[in-house]
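Welcome! Here is a friendly walk through a structure that may be new to you. Take a look at it first, and then read on.

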Amino acid sequence: MVVGDISTGTDVLVIGAGPGGYVAAIRAGQLDLDVTLVEKDAYGGTCLNYGCIPSKAMITASDLAHEAGHAEEMGIYADPEVEMDEMVGWKDGVVDQLTGGVEKLAKANGVELMEGRAEFAGEDKARIVHGGEGQGSETVEFEHAIVSTGSRPIEVPGFDFGDDPVLDSRQALALDEVPESLVIVGAGYIGMELAGVFAKLGTDVTVVEMLDSVLPGYEDDLARPVKKKAEELGIDFHFGEAASGWEESGGGITVRTENEDGEVSEFGAEKVLVAVGREPVTDTLELDNAGVETDEDGFIPTDDRARTNVEHIHAIGDVTGEPMLAHVASKEGQVAAEVIAGEPSALDYQAVPAAVFTDPEIGTVGMTEAEAEEQGFEPAVGEFPFNASGRALTTGHAEGFVRIVADEPSGFLLGAQIVGPEASELIAEMGLAIEMGATLEDVAATIHTHPTLSEAVMEAAENALGHAIHTLNR
Amino acid sequence: MVVGDISTGTDVLVIGAGPGGYVAAIRAGQLDLDVTLVEKDAYGGTCLNYGCIPSKAMITASDLAHEAGHAEEMGIYADPEVEMDEMVGWKDGVVDQLTGGVEKLAKANGVELMEGRAEFAGEDKARIVHGGEGQGSETVEFEHAIVSTGSRPIEVPGFDFGDDPVLDSRQALALDEVPESLVIVGAGYIGMELAGVFAKLGTDVTVVEMLDSVLPGYEDDLARPVKKKAEELGIDFHFGEAASGWEESGGGITVRTENEDGEVSEFGAEKVLVAVGREPVTDTLELDNAGVETDEDGFIPTDDRARTNVEHIHAIGDVTGEPMLAHVASKEGQVAAEVIAGEPSALDYQAVPAAVFTDPEIGTVGMTEAEAEEQGFEPAVGEFPFNASGRALTTGHAEGFVRIVADEPSGFLLGAQIVGPEASELIAEMGLAIEMGATLEDVAATIHTHPTLSEAVMEAAENALGHAIHTLNR
Amino acid sequence: AEEVSTGEGRVFAAPSARRVARELGVDIAAVEGTGPSGRVTEQDVRQAAESGGEASGDATDEAPAEAEAPTGEVGATREQDAQPTTATAGATGGPAPE
Ligand SMILES: Cc1cc2nc3c(=O)[nH]c(=O)nc-3n(C[C@H](O)[C@H](O)[C@H](O)COP(=O)(O)OP(=O)(O)OC[C@H]3O[C@@H](n4cnc5c(N)ncnc54)[C@H](O)[C@@H]3O)c2cc1C
Ligand SMILES: Cc1cc2nc3c(=O)[nH]c(=O)nc-3n(C[C@H](O)[C@H](O)[C@H](O)COP(=O)(O)OP(=O)(O)OC[C@H]3O[C@@H](n4cnc5c(N)ncnc54)[C@H](O)[C@@H]3O)c2cc1C
């Protein structure tokens, strides 16, 4: 690597190689643009290295260990032992395989890779500060830039991620021993996914949450089966409690929380995981130099072509705000690249699916019944409970239900909410149905394989139409 | 129950309460028809009692036991013990819950239930012969009849299912001990599903098949991963061998097979499972009395309204021939009931999905590339291998691929073939896409949740379009 | 065709039809749908473009309207609108798997 300040040029400079940035770069490369992708840490970003992938790997592995030890009902007797360092090592192997793949694919699509931290030096140039001591920096001039610098966990005052017993999700996914006990601050999806992992590995888990339920933002009846299962796993919940500090005590720590009335509670544990939300990584970008505006929380507002207020600078992914999801980042990345290449591309999707990989899983797409009403539709709603699904019963996981929301007069699908086995996969069919402008009848009339969980989707549509076979119709 | 021959009348007589018959009866009840459902054995038919459901329950349970014992890679050490009688008892509980549900739903939809064996006594009446000694029979006059008497396993000459060591699939799913060794005659889907169950429970399995591969009828590259995994499980294959007989020897039996050249081989085992196909149950129905015709194999030909040659007598499900699948039986049952009620219903679906619940699973719907060519399309084909799927890697099951077949000029989807994790569920989205007349672009443009297996479907569509992100494009 | 559902002027059309609308500079919200329940098909969009007047400057500002030639005809019996919704007479069962 060259030391000192040299200067190069590119059609498209992509800053940050998460699922937003690397997809944008690959797509730009496919469209024959000259593209440079700069990353300061690791290809694949939060998602592949510290988020989606590691968490899902640990969820599968902890599930298997737990299930095998709790299948006496099926005549299976086992007492699995878990070597945490090996489990984490396996997870790291999965991550390496995927991040290596990203690097290869970027190169194969003609993307120029650059290591370093980018900051804007003007409307059409950026300085790339290289990592190591004395590695210097270089300046890249660009026609277009795509900002995809992602997000990082919010720190709660009093809980410094630099202190050993205080963990963020990334650190929690890299422990080499199963903690005996853990306080988790925040019952959002990250907190709840990790609560499940550790409870299944044998940790004594306490969750404290400022609001009054698990998975705030999800409908009550979707969150309920998740809370119920978590309680069966021995997870202890305390709602209406804001974490206010911690201190060492004995071999471990004591976490202090405060409720609305100022009453203080204390929870002892070996470690504390803070998962209360994520904030954009925009502070070190020198956005001012390029004239790019942010909102009061630091997020970058964009239009339906993923453009910032500066026409030739796009922003995508977590840095643009909710929904902060990998697949949204990737879609925005694809659109940004296509728009730059002059294609008539736009963020015109009808619905964004989302999944929570708790036990049971949650999958949602489009509108809830209440949202449909607010927007002036007359919703027709159909449900199917998994305990009436043959396939669900044969897997031993029959909690939860599929709910489907449509516009009654026209039959057009508007949304679906699923809690139960494989909800994250089942939601895919509903997403396609909504994008296609499918009606309840279309879904109900489509033959679904027996015995599968996806039959539940068809049955929910039939239920909304008033002629379900395997449930009584409302 | 009344003894002697009494006579009643009904709008619709449904004969056989499998997934064809009970769905037809429920739907007819919903349409306010006066309907009688007669069943000689057990509500739910082959599928719920001896087929789909028991096999899938045993597949899940044996998978769990096997996986837990083979997850050292993930840092999980376990040595599960299986109590076969308890596993089978659990499976029976699942079956009871579902068959009880069928009975309740039939009643709730106004279906009259009758126990006994039906045979036609004329064009518009049937005799119902009740089960027990001296229970007599009764005559039911009907306006319309629906024949849904299903199928039974074909016996291979020399292998009498009445003999103790010779098992059909139903008996194999009800063993109360894990056999030490088992010869399976037939490598079709039933043979292969059960081969996996027993191999995972520790049985020494040998499969003999007359044709030259596993899962005849499926494309080679779909069957290959199934065979590979089976071999890893220690299953021994012998192709081109026709079973010709068996005899007791020592504590077990010896199964004899013959190849094309007449050379005889012998395989020792504790038991032999014969799974070489299924034949229609039409022989005891006295179809002649009603004038209903069958083909040379005993199947009842029907038209797109599920009508036999006798206009007011319908036939549905396995008794009408291939594809012998539960969901096809149910669809035909629904259409038969609607046609009888005077609705403009027809079997006008574009594609029938099918799944094989082997390890890995197979899911197919619509046309293969070869079939598309035969039918005059110019196929565009896209693939995505699961070893490039983040979700697949995090589950530890990354063998197989998604293939998607479309018409190149128009982009319309024609078919999909999937082998890999959850293939049986992933195929659902492809089924809906085909029914909806979706194009490759529609599937590619639909946001799919990350990280999920269903992203593979989207990537395969992108691959067919030449702009996949996570694979190199063909 | 019936009215498209009224909720906030939402347009029910497949992604491919929406893309064609952008490509041809057609305001898809103003296109009358002929699909089931008034769903807007790609054909509807192309027809609207041909009959003109639907172009909205906004949608075209940077979209080179070099539409691929309308593919129009589709192989054999398949039509984009031939969804299960049209449950009338005719076609026999689809290609059965082995
Ligand atoms: C524990 C956890 C689990 C999650 N699970 C899921 C899930 O299951 N599904 C889901 O959809 N989402 C999940 N998420 C969210 C998901 O990770 C994010 O939505 C996604 O990573 C956003 O992608 P991005 O490209 O916008 O940003 P990021 O993935 O955050 O990538 C940004 C990249 O930019 C780099 N960067 C930042 N600043 C600079 C700079 N100045 N110069 C150069 N490089 C820079 C960073 O190093 C980083 O690599 C999870 C998150 C966490 C923490
Ligand atoms: C081991 C195994 C696994 C299978 N797995 C799957 C799978 O995963 N997916 C799938 O789609 N299919 C599967 N099948 C096939 C599936 O079981 C059949 O396709 C389905 O059961 C057909 O339904 P049916 O209603 O036509 O007939 P059946 O389910 O066979 O029901 C017919 C009913 O009619 C009754 N009957 C017969 N004659 C008379 C009479 N004269 N009077 C009164 N009653 C009568 C019988 O007792 C029976 O209950 C499997 C089959 C087996 C054996």
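## The site of ligand 2

A polar side-chain atom of Tyr189(B) lies 3.0 Å from a nitrogen atom of ligand 2, which makes a polar contact (a pair of N or O atoms within 3.5 Å; within protein, one must be able to donate a hydrogen and the other to accept it, and residues adjacent in sequence count only if both atoms are side-chain atoms). This is a predicted model, where local features need pLDDT of at least 70 and side-chain atom pairs count only at pLDDT 80 or more, while totals for chains, interfaces and linings use all residues. Residues are numbered from 1 along each chain as its sequence is written, chains are lettered from A and ligands numbered from 1 in the order in which they are written, and side-chain values use heavy atoms, leaving out hydrogens and water.

On its own, ligand 2 exposes 1,000 Å², and the protein buries 98% of that (accessible areas come from the Shrake-Rupley method with a 1.4 Å probe; for residues, only the protein chains shown count as cover). In chain B, strand E2 (35–39), helix H2 (45–49), helix H3 (52–69), E6, helix H6 (189–201) and helix H9 (326–340) each give two or more residues to the shell; helices (H or I, at least four residues) and strands (E, at least two) are DSSP runs, numbered from the N terminus.

How many residues surround ligand 2? There are 42, with Glu39(B), Thr46(B), Lys56(B), Asp318(B) and Ala326(B) the closest; a residue is near a molecule or strand if one of its heavy atoms lies within 4 Å of it. The site is shared between chains, because the residues around ligand 2 come from A and B. By class, the shell holds 19 nonpolar, 16 polar and 7 charged residues (Ala, Val, Leu, Ile, Met, Phe, Trp, Tyr, Cys and Pro count as nonpolar, Asp, Glu, Lys and Arg as charged, and the others, Gly among them, as polar).

## The site of ligand 1

Ligand 1 lies between chains A and B. Of the 43 residues around it, Glu39(A), Thr46(A), Lys56(A), Asp318(A) and Ala326(A) come nearest. A polar side-chain atom of Lys56(A) is 2.7 Å from an oxygen atom of ligand 1, and a backbone N or O atom of Cys47(A) is 3.3 Å from an oxygen atom of this ligand. The protein covers 98% of the 990 Å² of accessible area that ligand 1 has on its own.

## Aromatic rings

The whole structure has 5 aromatic pairs over all chains (rings of Phe, Tyr and Trp, its six-membered ring, pair if their centres lie within 6.5 Å; planes under 30 degrees apart count as stacked, over 60 as edge-to-face and the rest as tilted). One of them joins Phe120(A) and Phe142(A): the centres are 6.0 Å apart and the planes at 75°, so the pair is edge-to-face. Phe120(A) lies in strand E6 (residues 117–120) and Phe142(A) in strand E8 (residues 137–147) of chain A, so the pair ties together parts 22 residues apart in sequence.
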